[in-house]
Amino acid sequence: MNPQNGYDIEDLSVGMSAETAKTITDADLVLFAGVSTDVNAVHMDEEFGRTTMFGGRIAHGMLSASLISAVLGNRLPGPGTIYMNQSLRFRAPVRPGDTVRARVTVKEVIEDKCRVVLDTVCTVGEKVVIDGEATLMATSRKKREAGK
C-alpha cells in the first residue's frame, strides 16, 4: 500500500476487484446538472422525459459512470492513482431511484510502466447499464523507495 492507503502496482494482480453502489436521487440529477452544465430536458423534466423513448426522466450517463471513477480513486487501485483512459458503452438508462453498482476488475498489470487495465461495469439489479475498460497509472513502492 502507498502512504495514502492505495494499492501500489506491486500489490495488484489480475482478478482483483472492488465496487461501490449509490442510489441515484432527484437531488443528484440537479447537482450533477449544476456542476456539468448538462441541463438536457431528458434529465431535468419528467413531462418531457415521458415524450421520449425512455418514458420518463433518466440520469446523466456520466453521473452513473462517475461511480467507476469513485471505485478507481477510492478503492482499487485507490488513492494516488491517475486515470489515463476510459472507454464506456451506455447499454440501458438509469432512472432516479435506481441503485447503480459500479465494479472494477483488474484485467492486466504492466508493472514496468506502472499501468493497470481494468474491466469496468455498472449495473442496476442484474442489468448492465454501462461497461467498458479503464487504464490507470498506479503508484510504485519500488520507485518511491528508490526516490524516483
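Visitor: Leaving aside its neighbours within four places in sequence, which residues is Asp28 in contact with?

Guide: Beyond those neighbours, Asp28 touches Lys22, Thr23 and Leu63; contact here means heavy atoms within 4.5 Å. Before we walk on, please keep in mind that this is a predicted model, where local features need pLDDT of at least 70 and side-chain atom pairs count only at pLDDT 80 or more, while totals for chains, interfaces and linings use all residues. Residues are numbered from 1 along each chain as its sequence is written, and side-chain values use heavy atoms, with hydrogens and water left out.

Asp28 sits in helix α1, residues 26-36. (Helices are DSSP runs of H or I with at least four residues, strands are runs of E with at least two, and both are numbered from the N terminus.) Asp28 counts as buried because its relative accessible area is 14%; the label buried is for values under 20%, exposed for those over 50%, and partly exposed for those in between, using a 1.4 Å probe and protein chains only.

Now follow Lys22, one of the contacts of Asp28. Its bridge partner in β3 is Val100. Strand β1 (residues 17-23) runs antiparallel to strand β3 (residues 99-110), and seven bridges join them; two strands pair if DSSP finds at least two bridges between them. On to the next strand: β3 is also joined to β4 (residues 115-124) by ten bridges, again antiparallel. These two form a hairpin with four residues between them, and Cys114 in the turn has a positive phi of about 55°.

Within that pairing, Ala102 has Cys122 as its bridge partner in β4. Ala70 belongs to helix α4 and is partly exposed, with a relative accessible area of 27%.

Our last stop is the largest nonpolar core, which has 30 residues, with Leu76 and Leu118 making the most contacts inside it. Such a core is a set of buried Ala, Val, Leu, Ile, Met, Phe, Trp, Tyr and Cys residues joined through side-chain atoms within 4.5 Å. Two or more of its residues come from each of α1, α4, β3, β4 and β5, and α4 gives the largest share, six. Leu118 has contacts beyond its sequence neighbours that include Leu72, Leu76, Val104, Val106, Ala134 and Leu136.
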